[in-house]
Amino acid sequence: MSSVMGNKIKLSVFGESHGAAIGCVIDGFPAGITLDNEKINKDMQRRAPGRDKTATPRKEADEPIILSGVLNGKTTGAPIAMQIQNTNTKSGDYANIALVPRPSHSDYPAFVKYGGNNDVRGGGHFSGRLTAPIVFAGALAKQALAEKGIIIAAHIKQIGSVSDEGFDKNDISRELIEALAVSSFGTISAGAEAEMRAEIEAARLDGDSVGGIIECAAIGVPAGFGGNMLDTVEGRLASALFGIPAVKGVEFGAGFGFAQMHGSEANDGYEIANGKVQLKSNNNGGVLGGITSGAPIVFSVAIKPTPSISKPQASVNLEAMENETLVINGRHDPCIVPRAVPVVEAMAAITLLDIII
């Protein structure tokens, strides 16, 4: 398995959901960045399990232990190594899936690829638990980007049939971004949260799960970063975002909505404002020709419903080569969308810092 991303800044993630610990190593991170531990811990808590009824009851402190690369609160330029202890595992809950793969999970293809040696406890290295080190790395990247005037935040655009209002793609205030960045259940509309929670609770009570959409924005990114064709900003971001378990779709700006537009509607016109070239609209989500346009970078990701549900599901016994009905035990999220919000922000921050550094 390879869990390494980045060019100038490389992030390597290690560990398994039910192993002794998980963590990461960050190579190439800039020296001299003063770290705000309160902000790091806030992002970690937004992602951590066991803190909300919409999430798995598995409770983990998710306290990052920094082993190297930071001295007196500042990054030194050396590789930053960090680990998080796993303290609340119930591996016995996964005994029945060792040879009976969970539908819509990594179990079967990983069984084939690794000859049955893959760790299925909690999903092993395929688990969403591995996003905790990503959030840590993203929290550091956010602080480095903030020194350059770039800030990032996301909100829950949709859960099941319930939608939040979307970003005004060409006019996103710093106040809104800063508010979303510390929200435990990020929505723009005040009324959307209660309706989304009801949607999740209905799925949970039915032994089921529900998916959704997360919309993310980065403001303050100057024009001119990125490359064309095979080194585009969209390509780099999409590659990172698809590294998040359960992400099955990514779109920038109007995305698939372009299919319903004419060019006269879709094109983002230019104007001179305050002595600078600016866009009159931002249907392209802040990227043109693979290069940042100076407008906010705006993209959305589709999150599939959690595969591990309580309802009986059709599967097979890989040893007996017979059909078998699978009933999944253990603790699982009825909806991972709220906890995925800081993960999406983190992947965006890591990737954008790597692009502009």
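1. In strand β16, Ile303 is the bridge partner of Gly212, and this pair belongs to the seven bridges that join β10 (residues 212–219) to β16 (residues 297–303), two strands that run antiparallel. Strands here are DSSP runs of E with at least two residues, helices are runs of H or I with at least four residues, and both are numbered from the N terminus; two strands count as paired if DSSP finds at least two bridges between them.

2. The model is a predicted one, in which local features need pLDDT of at least 70 and side-chain atom pairs count only at pLDDT 80 or more, whereas totals for chains, interfaces and linings use all residues. Residues are numbered from 1 along each chain as its sequence is written, and side-chain values use heavy atoms, with hydrogens and water left out.

3. Strands β10 and β16 are part of an open sheet of five strands, with the order β9-β8-β10-β16-β11 and antiparallel pairing. At its edges stand β9 (162–163) and β11 (247–252), each of which pairs on one side only.

4. Strand β12 (residues 270–273), in which Tyr270 lies, is joined by four bridges to the antiparallel strand β13 (residues 276–279). Ile272 stands opposite Val277 of β13, and in the hairpin that these strands form, with two residues between them, Asn274 takes a positive phi near 55°.

5. Tyr270, Ile272, Val277 and Leu288 together form a nonpolar surface patch with about 430 Å² of accessible area. Such a patch is made of residues with over 30% relative accessible area and no salt bridge, nonpolar side chains (Val, Leu, Ile, Met, Phe, Trp, Tyr) being joined within 5 Å and like charges within 9 Å; the areas come from the Shrake-Rupley method with a 1.4 Å probe, and for residues only the protein chains shown count as cover. Tyr270 is classed as exposed because its relative accessible area is 53%, given that exposed means over 50%, buried under 20% and partly exposed in between (1.4 Å probe, protein chains only).

6. The structure holds 15 salt bridges, each defined as a side-chain nitrogen of Lys or Arg within 4 Å of a carboxyl oxygen of Asp or Glu. One of them joins Asp43 to Arg46, with the closest N and O atoms 3.0 Å apart; both residues lie in helix α1 (residues 37–47), three residues apart, about one turn of the helix, and both are buried. Asp43 and Arg46 are also linked with Lys142 and Glu345 in a network of salt bridges.

7. Where in the chain do Lys311 and Asp206 lie? Their side chains meet in a salt bridge (3.4 Å, N to O), and the pair links distant parts of the chain, Lys311 being in the loop between β16 and β17 (313–317) and Asp206 in the loop between α5 (192–205) and β10, 105 residues apart. Lys311 is partly exposed, with a relative accessible area of 30%, and Asp206 is partly exposed at 45%. The side chains of Arg339 and Asp333 also meet in a salt bridge (2.9 Å, N to O), but here both residues are buried.

8. Two cavities of 30 Å³ or more are found in the structure, a cavity being a set of points, on a 1 Å grid over the protein atoms alone, where a 1.4 Å probe fits but cannot get out, with lining residues having an atom within 4 Å of a point. The largest cavity has a volume of about 60 Å³, a volume being the space filled by probe spheres set on the points. Its lining consists of Ile9, Leu11, Ile26, Phe29, Ala137, Ala141, Ile350 and Leu353, and the elements that give two or more residues to it are α3 (131–146) and α8 (337–356).

Technical notes
On a 1 Å grid over the protein atoms alone, a cavity is a set of points where a 1.4 Å probe fits but cannot get out, and a pocket is an open set with protein on both sides within 12 Å along at least five of seven lines; lining residues have an atom within 4 Å of a point.
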